[in-house]
Amino acid sequence: MINNETMQSILARRSYKVFDSRPIDDEALETIVTAGLYAPTGMNRQPWHFTVIRSKEGLERFAEARRSLPLPPGMPPQAAAAFGDPMRNAPVMIIVSANEEGTAYEDCCLAMENMFIAAASLGIMSGWDHATVRDVFEHDPEARAEFIPEGNKIYAAAFFGYPGPEVKDRGERKGTVEYK
Ligand SMILES: Cc1cc2nc3c(=O)[nH]c(=O)nc-3n(C[C@H](O)[C@H](O)[C@H](O)COP(=O)(O)O)c2cc1C
């Protein structure tokens, strides 16, 4: 394997559940967002809308909507505490949404992965939030209207921040690869 800087960033990227509260500066954030905008898209449609939540008010508004989501029944106290930490301490959240035409799903996921790798190249890690964002906005349509363009579907949502104290072991890669 050729171990160039791009490969090092791909290998360095890890999913984090908790972040350091250190802010992400404008230049770093612009770099991450630009990487997303340069992802490939079906028929070069570039269908996405990136909602970058980073202001104190924006983060608090999302957190408020998140807190109003009812706890899933039977959730143990430790998990409930984590559930109550809406931003996992992250200074930035990015939601990628688009209409449902063509290859929007693939396009948005590719944009998010580009952003993850660009972030990792700067020492910034990420954490995909699969269901929570959709649940939050389903539960709070007013918040949805504030963050997501009308008619758009949410395809990808992730937190970004400098890594918290979690120690990440890369572990084995399990997918199969076949050369023919
Ligand atoms: C579609 C998708 C959904 C995910 N959902 C969550 C999630 O809801 N919560 C979470 O903590 N991590 C989530 N992850 C992160 C995965 O758990 C993580 O990518 C996987 O364990 C491999 O670890 P790594 O990203 O550090 O290599 C998700 C990842 C993907 C691609």
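Before I point at anything, one definition: helices here are DSSP runs of H or I with at least four residues, strands are runs of E with at least two, and both are numbered from the N terminus. With that in place, I can say where Asn 44 sits: in the loop between α2 and β1. I will come back to that loop. Please keep in mind throughout that this is a predicted model.

Let me start with the whole chain. How many helices and strands does the protein chain have? It has seven helices and four strands. Reading from the N terminus, the order is α-α-β-α-α-β-α-β-α-α-β.

As for dimensions, the C-alpha trace spans about 50 × 40 × 35 Å along its principal axes. Of the 180 residues, 42% are buried. The chain exposes about 10,800 Å², and carbon and sulfur atoms supply 53% of that area. One more overall number concerns contacts between residues at least 6 apart in sequence: 83% of these join residues at least 24 apart.

Now the loop I mentioned. Two residues there have a positive phi without being glycine. Met 43 has a phi of about 55°, and Asn 44 has one of about 50°. Met 43 lies in the loop between α2, residues 26–37, and β1, residues 49–53. Are these residues buried or exposed? Met 43 counts as exposed because its relative accessibility is 73%, and exposed means over 50%. Asn 44 is exposed as well, at 56%.

Next, helix α6, which covers residues 132–139. Its buried residues are Thr 132, Val 133, Val 136 and Phe 137. They cover an arc of only 125° around the axis, so they are on the same side of α6. What do they pack against? The partners are α3 (56–67), β2 (92–98), α7 (141–147) and β4 (153–161).

Moving on from α6, we reach Asp 140, in the loop between α6 and α7. Asp 140 counts as buried, with a relative accessibility of 13%. Neighbours within four places in sequence aside, its contacts are Arg 61 and Ala 65.

That brings us to the salt bridges; the count is seven. Asp 140 takes part in a network of them together with Arg 61, Glu 64 and Glu 146. Within that group, Arg 61 forms a salt bridge with Glu 146, and their closest N and O atoms are 3.2 Å apart. Arg 61 is in helix α3 and Glu 146 is in helix α7, so this pair ties together parts that are 85 residues apart in sequence. Arg 61 is buried, at 15% relative accessible area.

A second bridge joins the side chains of Arg 54 and Asp 26, at 2.9 Å from N to O. This pair also links distant parts of the chain: Arg 54 is in the loop between β1 and α3, Asp 26 is in helix α2, and they are 28 residues apart. Arg 54 is partly exposed, at 37%, whereas Asp 26 counts as exposed, at 52%.

Then there is the pair Glu 178 and Lys 180, whose side chains meet at 3.4 Å, N to O. Here Glu 178 is exposed at 61%, and Lys 180 is exposed at 90%.

Pro 91 counts as buried, at 13% relative accessibility. Which residues does Pro 91 contact, leaving aside neighbours within four places in sequence? They are Asp 20, Arg 22, Pro 23, Ile 24, Ile 53, Arg 54, Leu 59, Phe 160 and Gly 161. For a sense of distance, Pro 91 and Val 167 are 76 residues apart in sequence and 20 Å apart in space, C-alpha to C-alpha.

Last, the surface. Met 1, Ile 10 and Leu 11 form a nonpolar patch there, with about 320 Å² of accessible area together. Ile 10 belongs to helix α1, residues 5–12, and is partly exposed, at 35% relative accessible area.

That is the tour.

Terms used
Residues are numbered from 1 along each chain as its sequence is written. This is a predicted model: local features need pLDDT of at least 70, side-chain atom pairs count only at pLDDT 80 or more; totals for chains, interfaces and linings use all residues. Side-chain values use heavy atoms; hydrogens and water are left out. Patches are made of residues with over 30% relative accessible area and no salt bridge: like charges are joined within 9 Å, nonpolar side chains (Val, Leu, Ile, Met, Phe, Trp, Tyr) within 5 Å. Accessible areas come from the Shrake-Rupley method with a 1.4 Å probe; for residues, only the protein chains shown count as cover. A salt bridge is a side-chain nitrogen of Lys or Arg within 4 Å of a carboxyl oxygen of Asp or Glu. Buried means under 20% relative accessible area, exposed over 50%, partly exposed in between (1.4 Å probe, protein chains only). The arc is that of the directions from the helix axis to the C-beta atoms. Contact means heavy atoms within 4.5 Å.
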